[in-house]
Amino acid sequence: MTLKPLDDRVVVEPLSAEETTAGGIVLPDSAKEKPQRGTVVAVGPGRLLDSGERSTLSVKVGDQVLFGKYGGTEIEVDGKEIKILRESDILAKVE
């Protein structure tokens, strides 16, 4: 399935949660924190401005981004967990 986000929405594939701590302790699923970093896999055309033109997005496909822990909507596509976020829910690009 291919997703094509609308307006200023961005589709992000979160990185996997840490399996072990720095000290080597294996974490069970219930103790893993939600990842807050991911890779952009699709972007929308941009928000429609009052002038009728579209604003350009600050991120592009392939960018690594940081997002809020509870931001966006989580869905499952082809067995993968992905998030759909508004551009304003993205906190930073990782370079």
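Guide: Setting aside neighbours within four places in sequence, leucine 91 is in contact with Leu66, Phe67 and Gly68 (contact means heavy atoms within 4.5 Å).

Visitor: Is leucine 91 buried or exposed?
Guide: Leucine 91 counts as exposed because its relative accessibility is 62%; exposed is over 50%, buried under 20% and partly exposed in between, with a 1.4 Å probe and protein chains only.

Visitor: Before we go on, what kind of model is this?
Guide: This is a predicted model, where local features need pLDDT of at least 70, side-chain atom pairs count only at pLDDT 80 or more, and totals for chains, interfaces and linings use all residues. Residues are numbered from 1 along each chain as its sequence is written, and side-chain values use heavy atoms, leaving out hydrogens and water.

Visitor: Which strand holds leucine 91?
Guide: Strand E6, residues 90-94; strands are DSSP runs of at least two E residues, numbered from the N terminus.

Visitor: And in what order do the strands sit in the sheet?
Guide: The open sheet runs E4-E5-E1-E2-E3-E6, with antiparallel pairing. Strands E4 (73-77) and E6 are the edges, each pairing on one side only; pairing takes at least two DSSP bridges between two strands.

Visitor: How many bridges join E4 and E5?
Guide: Five, in the antiparallel sense, with E5 covering residues 80-86. Valine 77 stands opposite lysine 80 in E5.

Visitor: Switching topic, how many helices are there?
Guide: Zero helices, and six strands.

How values were computed: Helices (H or I, at least four residues) and strands (E, at least two) are DSSP runs, numbered from the N terminus.
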